[in-house]
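Please look over the sequence and the model shown here before reading the report.

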Amino acid sequence: IANQQKLDFLLVTDHNTLKGRQEGKARRYGKTLVLIDNEISTESGHYLALRTPEELPPDQPVSQTIQQVKAFGGLGFVPHPNWPKSRWKDRKARGFIGIEIYNAAEVAALRRRPWAALFSTLFFGMDVAALSWLERPDLTLAWWDQLLQEGPMVGIGATDAHGLQWLGLQLAPYGPLFKLVRNHLWVKSEVSSDSIYEALEKGRLFVAHDLLADSTGFQFLAQRAGSIEAVMGEAVRLKAGLELAVYLPAPGEILLMRDGKEAGKVVGQQGLFPVTQPGVYRVEARREGRPWIYSN
């Protein structure tokens, strides 16, 4: 399904196992490169462990799992931090490089009327129902902004697709979910496991709901006197004449966020914002009144 949608890569993270990788399933399927990592159960919640060479034991103290992933040179992310069934309990834990800022399962679970989404799926199809999942994850974004005040913290997205079925009906088919949320990475070379993990590690990516519109081509840059000073995931020294440039591939509403608060807004496809204060800057874009793009 990912290959039919011409996705460059698909990252599979089953719970507490790397069996798929051991069976040789981490390979190319047409255009799509499949990478296999895992989601580890810890005493404080689930933990995404990417780029680790072997499985780690589940149900350990989270600090121990975090350190083991780092020792392997792996990349640790906190998934669905506010998902009711498995919230991230230890908000003082550190050592991970990022969090899931949008998780489809978390957003669906936090909806006030989850059954409305179910009936919408049954009667109108998943593409229509998925539009109702395009809600801004306020709690998770607030925690992300808090973490960003301490230092770099990468934001990624996840479908958390489980192929859910009910009475023989598919409630969350992979096809619509792969369009619902995507990670668009900026890589310096061809698409490979190394270039993908590097982009994830550096935060050179944005999260988008391509169900609304194809977000390919979105850019968020720091520039000065016509030259690029920094891209997403990087830091730049505050200088006279520095501005932040945002480019959308289709018309929308551009919100510039500074330290978690709105610092500028433009309607259209391009925004240029002079930088006069230091801070952590990121972008949120909306389309048709719905969240569309979240930048690092």
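## Basis of the model

This is a predicted model, in which local features need pLDDT of at least 70 and side-chain atom pairs count only at pLDDT 80 or more, while totals for chains, interfaces and linings use all residues. Residues are numbered from 1 along each chain as its sequence is written, and side-chain values use heavy atoms, with hydrogens and water left out.

Strands and helices are DSSP runs numbered from the N terminus (strands E, at least two residues; helices H or I, at least four). Strand S6 (residues 98-103) is largely enclosed by the rest of the structure, because six of its six residues are buried, where buried means under 20% relative accessible area, exposed over 50% and partly exposed in between, with a 1.4 Å probe and protein chains only.

Strands are said to pair if DSSP finds at least two bridges between them. S6 pairs in the parallel sense with strand S5 (residues 75-78) over two bridges, and Phe77 stands opposite Gly98 in S6. S6 also runs parallel to strand S7 (residues 154-158), to which five bridges join it, and here Gly98 stands opposite Val154.

## The largest nonpolar core

A nonpolar core is a set of buried Ala, Val, Leu, Ile, Met, Phe, Trp, Tyr and Cys residues joined through side-chain atoms within 4.5 Å. The largest one has 69 residues, and those with the most contacts inside it are Phe96, Ile99, Leu180, Phe218 and Phe220. Strand S14 (residues 243-258) gives the largest share of this core, six residues.

Contact means heavy atoms within 4.5 Å. Leaving aside neighbours within four places in sequence, Phe96 is in contact with Tyr47, Ile66, Gly76, Val78, Trp143, Leu147 and Met153.

## The second largest pocket

On a 1 Å grid over the protein atoms alone, a pocket is an open set of points where a 1.4 Å probe fits, with protein on both sides within 12 Å along at least five of seven lines, and lining residues have an atom within 4 Å of a point. The second largest pocket holds about 860 Å³ of space, a volume being the space filled by probe spheres set on the points. Its lining has 37 residues, of which Gly233, Glu234, Ala235, Val280 and Tyr281 are the closest to the centre.

## Two single residues

Ser41, found in strand S3 (residues 32-42), is buried, with a relative accessible area of 16%. Glu288, in the loop between S16 and strand S17 (290-295), is exposed, with a relative accessible area of 57%.
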